[in-house]
Each structure stands twice: as C-alpha cells, then as structure tokens.
Amino acid sequence: MSALYDPERSRRGFKDELKSSSMIKTDIIIIGAGPTGLFTVFEAGLLKLKCHLIDALAQPGGQCSEIYPKKPIYDIPAYPEILAGTLVDNLMEQIKPFEPGFTLGERAETLEKQEDGSFIVTTSKGTQHHAPVVVIAGGLGSFEPRKPLIANIGLFESKGVEYMIKDPEQFRDKKVVISGGGDSALDWAIFLADVASEVSLVHRRNEFRGALDSVEKARELAKLGKIRLYTEAEVKEIHGKDELHAVVIKYNDQAKEDAYVETDYFIPLFGLSPKLGPIGNWGLEIEKNAIKVNNAKDYQTNIPGVFAIGDVNTYPGKLKLILSGFHEAAVMCQFAYQIINPDKRFVMKYTTVGGVQGFDGTKKEAKKEVVQSIN
C-alpha cells in the first residue's frame with residue numbers, strides 16, 4: 001500500500017500550500033505529478049528554483065500510483081527491478097528537501113499569459129497559480145475515469161458513486177462496493193477492509209490482474225469475512241433516491257440469482273483514460289494527441305516559457321520512457337533558469353562536487369579530503 005496517497009505523509013514531509021483566495025506564486029508551475037514531474041522538482045531545486053505541481057489525481061505519482069503501483073519496472077538506471085509505487089516513494093523522498101507545493105485532485109483548465117511574459121494557470125476548482133515558467137509533464141494527458149455502462153450512474157456521482165479515493169476516512173464505518181480486477185481495486189479493497197464496516201469486491205472474471213500477494217491477501221480476507229467477494233459478476237444497476245442506497249450484482253452465469261447489496265458507496269475502479277483535456281485548447285502545437293517541442297535545444301513548445309516533457313511531448317526519435325522524461329527535465333530546467341534569471345549565469349556543478357542544498361536547510365555533500373603534511 002506504499003503508493004496510495006497518505007495525507008499524513010504529506011503533512012510530515014511536504015508543505016501543501018493552503019488554497020485560499022490568494023494566488024499561489026512559484027518559480028515553475030509543473031502540470032502533472034508523475035515521475036517526470038516529480039524529478040523536475042529535484043533538477044529545479046539544484047538551481048534554487050521553487051516548484052508547485054498540479055495534478056487531477058488525488059495523489060502524486062501519476063499512472064505509477066493510480067494504475068500499477070505494485071508492478072515492477074525494469075528500465076530505471078541502477079534499479080534492475082523496482083515497483084512503480086516504490087519509485088514514486090523514492091522520488092518523493094528525493095524532492096523532500098526542496099519543499100514543493102501540491103494542488104491535487106484539480107485539473108489545470110486555463111493558461112493565461114501576462115503582459116510581463118509570466119503565466120497564470122487556473123484549475124477546475126478555481127485555484128490560481130502564477131509563475132514565469134510552466135512545464136507540462138502530464139504523461140499521456142489528464143486522466144478521466146473509465147465509467148461502467150450503467151444508465152443512471154451520472155445521477156449518483158458524488159452522491160455515493162466515486163471514481164477515485166481521495167480520503168479513505170470518508171468511508172469509515174460505511175458500506176462500500178468496489179468493482180475492478182486490477183491493482184487499484186485490490187489495494188483499496190484490502191485497505192478499506194480495516195476502515196469500512198463492510199467491503200464488497202466485484203470482478204467480472206475469477207482471475208485478478210493484480211500483484212499475486214494482493215490477490216492472495218484479498219482471498220484471505222474473503223475467507224475471514226472481511227471482504228465479500230463476487231467473481232464472474234458485474235454491477236449492472238444502482239438504486240437510490242437522493243443518494244445511493246444499493247447496487248444489483250448480476251452473475252455471468254444467468255442461472256445464479258442476482259445479488260441486491262445495500263451500500264453507501266459504489267467505487268468502480270476500471271482504470272483511467274488519458275486525454276489532453278483543456279491543455280489541447282491552449283494554443284499549443286499538437287501532433288497525434290501530443291505536444292510538439294524543440295528537442296534540439298530545450299523542450300520548449302511554440303509558446304515561449306511553456307515547456308513539455310515526458311510522454312506528453314513529441315519530437316523526431318521520441319521514446320516514451322520514464323528515463324527519457326528524466327533527461328528532458330534536466331535539460332529543460334537549465335533553460336528555465338535563464339528565463340527566470342535573465343541577468344544571472346548558472347555554472348553547473350556535479351552533485352558529487354556541489355552536493356545538494358535543500359530549501360529546508362539540509363545539505364548532502366561528499367566528505368572533504370583532508371590534506372596533511374608529513375614532517
């Protein structure tokens with residue numbers, strides 16, 4: 001469960017800026033808190049640049065946290081194998097000294113260029129952010145939940161139907177029905193077994209696609225009566241008046257009787273569908289649902305001051321790999337520094353020489369050699 005969003009971890013390690021009527025001001029606005037966006041914080045921090053990240057998801061990590069936190073990744077340098085969720089946790093620990101701000105659970109909606117060349121980015125909830133540089137690191141775009149084909153489901157959205165879990169305490173002592181057969185559905189069913197009064201997990205197949213240990217844990221909890229398991233079945237109807245009251249579960253085997261399950265929440269976790277969303281209307285040059293950038297220099301878009309890195313961009317020879325996004329972040333930050341500090345010249349030093357100086361006062365550096373004379 002390490003990759004699931006933990007509000008307490010955020011309070012301990014990061015200073016999420018309070019959202020009020022005031023503008024959030026920073027050096028770099030990063031749209032997208034996936035691995036590339038998170039690593040950008042580190043590279044910018046080395047240049048003494050402050051970052052604030054915006055993401056439509058409720059926790060940092062992008063797809064690595066939301067879709068496959070327990071799946072191994074094999075092409076991260078120096079890690080022969082690392083779980084996607086662990087990679088996110090490590091990145092969060094790496095950027096901790098640079099105290100990034102986060103606006104989570106809100107989608108970047110509008111980009112407005114100011115007279116001085118800076119930008120204001122406003123989210124779906126009206127939160128405004130102001131910076132001289134904007135970096136789009138949105139992976140494959142903003143993610144929208146894949147919704148089940150249930151006729152009246154829209155009537156119960158935010159009235160018992162939830163597509164993401166933002167705060168597990170919302171389900172404390174409540175009845176919850178989760179649909180899905182992947183890591184997210186399994187992880188949340190296991191987690192909520194100790195939070196909700198009743199958890200039901202529904203999957204249209206008997207085999208789950210999640211990590212083996214999660215599948216075994218879910219089956220163990222089912223035997224203990226802590227999870228009600230419905231396999232080879234689907235939620236086909238939802239009922240309620242002003243709020244959700246019950247769901248109807250139909251089995252693939254029509255000889256089996258439908259199950260009418262009373263519940264406070266129905267959470268279909270069928271993955272997320274990537275789309276550029278509002279970013280596609282910002283006047284950026286788009287090619288095949290990706291943002292064209294100048295890869296010969298700085299990964300800048302056709303709008304000066306707006307960069308695009310990671311899977312969201314495209315250029316000749318582009319490779320959609322996490323390690324490519326890390327490289328693009330490092331190069332981009334050098335040019336972002338020049339925009340933010342036009343009268344200064346930054347001399348790059350290797351971290352083995354200059355160390356890492358955090359905004360929180362911490363410093364990591366190699367031990368200095370001691371020179372002694374021999375008498």
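Contact here means heavy atoms within 4.5 Å. With that in hand, let's look at helix α2, residues 35-46, in a predicted model. Helices (H or I, at least four residues) and strands (E, at least two) are DSSP runs, numbered from the N terminus. Local features need pLDDT of at least 70 and side-chain atom pairs count only at pLDDT 80 or more, while totals for chains, interfaces and linings use all residues. Residues are numbered from 1 along each chain as its sequence is written, and side-chain values use heavy atoms, with hydrogens and water left out.

**Helix α2 itself**
- α2 has 12 residues and spans 17 Å from its first C-alpha to its last, close to the 16 Å expected at 1.5 Å a residue (that is, 1.5 Å times one less than the number of residues).
- 11 of those 12 residues are buried, so the rest of the structure largely encloses α2; buried means under 20% relative accessible area, exposed over 50%, and partly exposed in between (1.4 Å probe, protein chains only).
- Among the buried ones are Pro35, Gly37, Leu38, Val41, Phe42 and Gly45.
- Just after α2, lysine 48 takes a positive phi of about 65°.

**α2 against α7**
- The axes of α2 and helix α7 (residues 322-340) come within 9 Å and cross at roughly 35°; axes are lines fitted to C-alpha atoms, for helices over the stretch in contact, and angles run from 0 to 180 degrees between N-to-C directions.
- On the α2 side, Pro35, Thr36, Phe39, Thr40, Glu43 and Ala44 meet Ile322, Gly325, Phe326, Ala329, Ala330, Met332 and Cys333 of α7.
- By class, the α2 and α7 contact has nine nonpolar, three polar and one charged residues; Ala, Val, Leu, Ile, Met, Phe, Trp, Tyr, Cys and Pro count as nonpolar, Asp, Glu, Lys and Arg as charged, and the others, Gly among them, as polar.

**α2 against α4**
- Helix α4 (residues 84-95) has an axis that comes within 8 Å of the α2 axis, crossing at roughly 20°.
- That makes the two helices roughly parallel, a label for angles under 35 degrees.
- The crossing of α2 and α4 is left-handed.
- Pro35, Leu38, Phe39, Val41 and Phe42 in α2 meet Val88, Leu91, Met92, Gln94 and Ile95 in α4.
- This α2 and α4 contact counts nine nonpolar, one polar and no charged residues.

**Elsewhere: lysine 256**
- Lysine 256 sits in the loop between β16 (244-251) and β17 (259-262).
- Its relative accessibility is 46%, so lysine 256 counts as partly exposed.

Terms used: Parallel < 35°, antiparallel > 145°, perpendicular 65-115°, else oblique. Left-handed = near helix turned anticlockwise from the far one by under 90°.
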